[in-house]
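My comments are set out below the structure.

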2 protein chains.
Amino acid sequence: MDKSEAVLKLLLEAVQSSIARQAQQESNEIPVGVSNRHIHLSQSDLNSLFGEGCQLTKMKELSQPGQYACKETVTICGPKGAIEKVRVLGPVRSKTQVEVLTGDCFKLGVPAQARLSGELTGTPGITIIGPKGSVQTTEGLIVAQRHIHMTPADAQRFGVADGQTVSIKAGGPKGGIYSNVAVRANDASALECHLDTEEANAMGLGSSAKITIVK
Amino acid sequence: MDKSEAVLKLLLEAVQSSIARQAQQESNEIPVGVSNRHIHLSQSDLNSLFGEGCQLTKMKELSQPGQYACKETVTICGPKGAIEKVRVLGPVRSKTQVEVLTGDCFKLGVPAQARLSGELTGTPGITIIGPKGSVQTTEGLIVAQRHIHMTPADAQRFGVADGQTVSIKAGGPKGGIYSNVAVRANDASALECHLDTEEANAMGLGSSAKITIVK
């Protein structure tokens, strides 16, 4: 092997190693999905708000399989204030669940409770107003706990388990680490870390942002 | 020394050690001050917005010595939208500076630039509307970079220097770590970590919250 061959070999190795490092880093990155306030409705509450037998009007598919944003919006109202144009997400669920920002809770005048979707026991109720009527719920208003949707295969790759909480790290000038991020691993999920608008803005994370898990 | 004396001695030592640990921890804690959107006006812009020779009306002292919230509010307006009731802070400054939330920048349609107070070169302009007129600024709209006000004595105690950036840690269910927090140490300061409403809400920090510096 002459000198130029040796140089070429070294260069090739350096390039391959750089590509491998890049791939390794990319495989650890998780895309961020930013959630603004929204509402999931039961069929019964949908009927009360939009009329008997109402069907939701799909407007835009969301990243989680089968989930979509609807044309329908509602007003939510607490003891201190109201918030208009709260987007309804479909499909309908067994129980109505309102997901708001921490700042919204001050405006509405209700306590902010960070909860995982579906864990509604002891959460505040709220008045929901639609074009055909209103509903007074007794529970179901939450600030969504930060969470990462993933498949069981993703979970294995990241070395985490469904139900576990992890910390996540964001780079950039407003970066940092969020603790208590729940892992939600099941076959109906697409890999995405869900933060609410305030959490995303606080770390300067837009819709193309990526985070990594730190343990 | 009999047995009961020995037990009493051990108990006393345990209590003293616990008190010392508590004091040590408390001395490391820094109170959080939450800033919502606000504006600092030059006398010239104050004249244009509220009338020639207008004096600001003090409403409430702020934690930083000499700073106060005023009765006066303005509307700010960008290419995509307007935000009403933006609180004016006093006293007047040499240059007008508008401090908004990252989310406000989307609403206004201007880029969000995290900057320290006074570092306005290259920041966006905005239209400001008051009861007696409006002003079109060419720069001065910022998202305040997270920062900690302290005296030089505080800085020495924490082992940090004016101008340095540190990370801060918050506990609680929504806790975590924010990077790039600027230290602003001078004799005109009171110890307080300034976060904006989105940053405080994202970590569940209210007005009685405390953070610690991590290096």
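The numbered points that follow go from the contact between the chains to salt bridges within a chain, and then to single elements and residues.

1. Please keep in mind throughout that this is a predicted model. The remarks below therefore concern computed geometry, with local features requiring a pLDDT of at least 70 and side-chain atom pairs counted only at pLDDT 80 or more.

2. How much area is buried between chain B and chain A? The figure is about 1,500 Å², and carbon and sulfur atoms give 47% of that area. Chain A brings 21 residues to the contact, and chain B brings 21 residues. Between chain B and chain A there are 15 residue pairs in polar contact, with both residues at pLDDT 80 or more. On the side of chain B that touches chain A, helix H3 (102-108), strand S13 (176-185) and helix H5 of chain B each supply at least two residues. The largest share of that side of chain B, five residues, is contributed by S13(B). By residue class, the side of chain B that touches chain A holds eight nonpolar, eight polar and five charged residues.

3. The S13 strands deserve a separate remark. S13(A) pairs with S13(B) in the antiparallel sense, over three bridges. Within this pairing, Ile177(A) has Ile177(B) of S13(B) standing opposite.

4. Two salt bridges are counted between chain B and chain A. In one salt bridge, Lys174(A) pairs with Glu199(B), with 2.8 Å between the closest N and O atoms. Lys174(A) belongs to the loop between strand S12 (165-170) and strand S13 (176-185) of chain A, whereas Glu199(B) sits in helix H5 (residues 197-202) of chain B, so this pair joins two chains. Lys174(A) and Glu199(B) are both buried. A salt bridge also forms between the side chains of Glu199(A) and Lys174(B), at 2.8 Å from N to O.

5. Thr102(B) is buried, and its relative accessible area is 8%. Leaving aside residues up to four places away in sequence, Thr102(B) touches Lys174(A) and Asn201(A) of chain A, together with Ala112(B), Val143(B) and Glu198(B) of chain B.

6. Over all chains, a search of the whole structure finds 14 salt bridges. One salt bridge is made by the side chains of Asp154(A) and Arg157(A), at 3.2 Å from N to O. Why are these two separated by about one helical turn? Asp154(A) and Arg157(A) are three residues apart in helix H4 (residues 152-158) of chain A, which accounts for that separation. In general, an α-helix has 3.6 residues a turn, so residues three or four places apart point the same way. The two partners are set apart by their accessibility: Asp154(A) is buried at 12% relative accessible area, while Arg157(A) is partly exposed at 46%.

7. In chain B, Glu61(B) and Lys58(B) form a salt bridge whose closest N and O atoms are 3.2 Å apart. Glu61(B) is partly exposed, with a relative accessible area of 49%, and Lys58(B) likewise counts as partly exposed, at 48%. Elsewhere, salt bridges with shared partners join Arg146(A), Glu199(A) and Lys174(B) into one network.

8. Helix H2 (residues 43-50) of chain A has several buried residues, namely Asp45(A), Leu46(A), Asn47(A), Leu49(A) and Phe50(A). The cover over the buried residues of H2(A) includes strand S2 (38-42), strand S4 (68-77), strand S5 (82-93), strand S8 (127-130) and strand S9 (133-136) of chain A. Following H2(A) is Gly51(A), which has a positive phi, near 110 degrees.

9. Finally, Lys71(A) is placed in strand S4 of chain A. Buried or exposed, where does Lys71(A) fall? Lys71(A) is exposed, with a relative accessible area of 55%. Apart from residues up to four places away in sequence, Lys71(A) touches Thr57(A), Met59(A) and Arg87(A). Between Lys71(A) and Ile211(A) there are 140 residues of sequence separation and 31 Å in space, taken from C-alpha to C-alpha.

How values were computed: Residues numbered from 1 in each chain as written. Chains lettered and ligands numbered in written order. Heavy atoms only, no water. Salt bridge = Lys/Arg side-chain N within 4 Å of Asp/Glu carboxyl O. Helix = DSSP H or I, 4+ residues; strand = E, 2+ residues; numbered from the N terminus. Buried < 20%, exposed > 50% of the residue type's maximum accessible area, 1.4 Å probe, protein only. Contact = heavy atoms within 4.5 Å. Buried area = accessible area lost by both parts, 1.4 Å probe. Polar contact = N/O pair within 3.5 Å; in protein donor to acceptor, adjacent residues only side chain to side chain. Nonpolar A, V, L, I, M, F, W, Y, C, P; charged D, E, K, R; others polar. Pairing = 2+ DSSP bridges.
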